[in-house]
Amino acid sequence: MPEQTQTQPQPQPQPQAQAQAQANLRASVHEEAVDGFGTVRLRPLDPARDSAVVHAWVSEERAVFWGMTGLTRPQVAEIYAHMTTLDTHHAHLAEKDGTPVALLQTYEPAADRVSECYDVRPGDIGIHVLLAPPGAEGPRPGWSEALLGTFTAYALRTLGRRRIVVDPDVRNEKAIARFRRQGFTLGPAVVLPEIDLPDVHLPEKRAQLAFLTRQVAFPDDDA
């Protein structure tokens with residue numbers, strides 16, 4: 001028989017530490033009142049508490065380019081729980097007047113596969129955006145512009161970055177058009193290499209790079 005090994009019991013988190021961790025997840029990292037739209041609040045995604053709403057969003061056919069269709073709710077929660085252990089990738093839930101409306105992921109391009117496809121500059125930050133599906137009221141004119149504007153302000157002003165990079169799937173024409181309307185400049189179409197690690201698997205992806213500098217987004221900041 002194989003030799004049995006004994007494991008020492010792991011110390012359990014203290015209630016005070018658990019409460020502080022939950023409070024940190026609920027604390028907003030950016031809040032902005034958008035004229036004619038409402039107040040948009042960004043807070044760190046809570047993998048356990050928010051997995052139901054995120055799973056519902058990524059399971060829809062419209063979210064096929066997000067790459068999580070077919071996953072179970074526990075699998076989605078596990079992916080984002082792993083992300084909370086990283087210093088280079090972060091997930092945030094956007095709320096409009098208290099209602100979840102979008103998922104924003106930020107990442108350090110130098111620590112991402114996109115770095116193999118373009119020359120990363122100091123001050124670059126990457127983002128991924130998933131908007132919530134329309135509710136019973138149907139299409140919501142102005143929502144994309146308002147939310148992207150808030151995410152841009154968070155990345156370039158609150159975080160103090162110089163340039164945003166996005167890498168939507170080349171087939172996702174709606175997302176590409178949305179970024180162009182927001183002022184992004186198209187870069188090259190590239191192939192992001194497959195990532196196959198114990199904790200992460202990402203298939204090869206044909207992506208359209210696009211960039212938005214702080215000077216373009218907020219020209220008055222440098223005036």
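**Group meeting: H30 and the aromatic pairs**

Good morning. I begin with H30 and E32, whose side chains are joined by a polar contact of 3.0 Å; such a contact is a pair of N or O atoms within 3.5 Å, where, within protein, one must be able to donate a hydrogen and the other to accept it, and residues adjacent in sequence count only if both atoms are side-chain atoms.

The model is predicted, so local features need pLDDT of at least 70 and side-chain atom pairs pLDDT 80 or more, while totals for chains, interfaces and linings use all residues. Residues are numbered from 1 along each chain as its sequence is written, and side-chain values use heavy atoms, without hydrogens and water.

H30 belongs to strand β1, residues 30–34; strands are DSSP runs of E, at least two residues, and helices are runs of H or I, at least four, numbered from the N terminus. With a relative accessible area of 10%, H30 is buried, a word that means under 20% (1.4 Å probe, protein chains only).

Let us turn to the aromatic rings. The structure contains 3 aromatic pairs, meaning rings of Phe, Tyr or Trp (its six-membered ring) with centres within 6.5 Å; planes under 30 degrees apart are stacked, over 60 edge-to-face, and the rest tilted. One of them joins F37 and W143: the centres are 5.2 Å apart and the planes lie at 80°, so this pair is edge-to-face. F37 sits in the loop between β1 and β2, W143 in helix α4, and 106 residues separate them. F37 is buried at 12%, and W143 is also buried, at 18%.

Note on methods: Buried means under 20% relative accessible area, exposed over 50%, partly exposed in between (1.4 Å probe, protein chains only).
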